[in-house]
Amino acid sequence: MSTRSMSSNLFSPLRDPESLIRRRNLGEPSSLFDFEEVMSIPHNNMGPPPVGPPPPPNNGPPPVVRPNEQAPRSMEELCQPSIDGRGGPIAPIPIQATDFGLRHHMIQQVQNTCHFHGLPGDDANRHIDKFLEITLHIKQNEVSDDALRLSLFPYSLTHHAIAWYNRLPRNSIYSLNDRMIKFLSKYFPPSMVTKLRNEITKFEQKPHESLFEAWERYKLSIDRCPNHNMLLVTQIDMFYNGLTLSHRDTINAAAGGTFMQKTPKECYELIENMTAHYNH
């Protein structure tokens, strides 16, 4: 076969050009030469292309809201006032009485006789003792003493103390003991315990301080630190050794020269009698 005849077979004239155009519009290859071109044309078997602007690009799947989750709220909704999370620090108390309510005379009795400011130098332990003493005889039918005291305690706080109480988390107090622990953690922290213990263990009588004044100051330090964990013998020994030499001689003379040979209770009573006599 000649070259000329091969060329005529490869490039034979189109017999039906209109049919070729229709086939190309439908995306069907008509010959070897259009196959690659047609393959580059996207096939659309779903009908004609949509009319209008192209859809926005899809940057990812839409957010999925689970059944137990709330849909994200707008800024306007989040800025609206809400009562969620509000309320006092006291958690709901189980009370049998159906008509429980603090009486005016109960609140007034606490406010008039027992108040704690939360200022430096305020005695938190003394406040608790005073509060328990005042509320000892406040009773209400079908209401436990702890529940009644738990409800009354905020009325014994003022100024800085009531501001601290109002900042406590909601429903964070479940019992009277829980409240006292939080109160003492704030106003009688371990650092204060250490300071008061040092005042007891390192006691020294001041110059020109009488025996009565020294004893009263020493007892005040002990009273302000009820968890000092010191036996009476330790307390008496530290006080005696912190006195001046002249006052130690005075105590020994009053004890007939045998002060350290007495029992701790006898030593305590001797000092109490001496200071009471001095005070009179």
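Asp178 is buried, its relative accessible area being 17% (buried denotes under 20% relative accessible area, exposed over 50%, and partly exposed the range in between, with a 1.4 Å probe and protein chains only). The structure is a predicted model, in which local features require pLDDT of at least 70 and side-chain atom pairs pLDDT 80 or more, whereas totals for chains, interfaces and linings use all residues. Residues are numbered from 1 along each chain as its sequence is written, and side-chain values rest on heavy atoms, with hydrogens and water left out.

Asp178 forms a salt bridge with Lys182, with 3.0 Å between the closest N and O atoms; a salt bridge is a side-chain nitrogen of Lys or Arg within 4 Å of a carboxyl oxygen of Asp or Glu. Both residues belong to helix 9, where they are 4 residues apart, about one turn of the helix. Helices (H or I, at least four residues) and strands (E, at least two) are DSSP runs numbered from the N terminus. Lys182 is partly exposed, at 26% relative accessible area.

By this rule, 5 salt bridges are counted. One of them joins the side chains of Glu209 and Arg217 (3.0 Å, N to O); Glu209 is buried at 11% relative accessibility, and Arg217 is partly exposed at 28%. Another joins Lys219 and Glu272 at 2.7 Å, N to O. Lys219 lies in helix 11 (residues 211–224) and Glu272 in helix 14 (residues 264–279), so this pair ties together parts 53 residues apart in sequence. Lys219 is buried at 17% relative accessibility, while Glu272 is partly exposed at 24%. Glu216, Lys219 and Glu272 are linked in a network of salt bridges.

Arg149, in helix 7 (residues 145–152), is buried but has no salt bridge, the nearest side chain of opposite charge being that of Asp146, 4.9 Å away. In this count Lys and Arg are positive and Asp and Glu negative, with His and the chain ends not counted. The Arg149 side chain makes a polar contact with that of Thr135 at 3.0 Å. A polar contact is a pair of N or O atoms within 3.5 Å; within protein, one must be able to donate a hydrogen and the other to accept it, and residues adjacent in sequence count only if both atoms are side-chain atoms.

Helix 7 is mostly covered, with 6 of its 8 residues buried. The cover over these buried residues includes helix 5 (104–113), helix 6 (124–134) and helix 9 (176–187), where contact means heavy atoms within 4.5 Å. The protein contains 14 helices and 0 strands, and buried residues make up 29% of its 280 residues.
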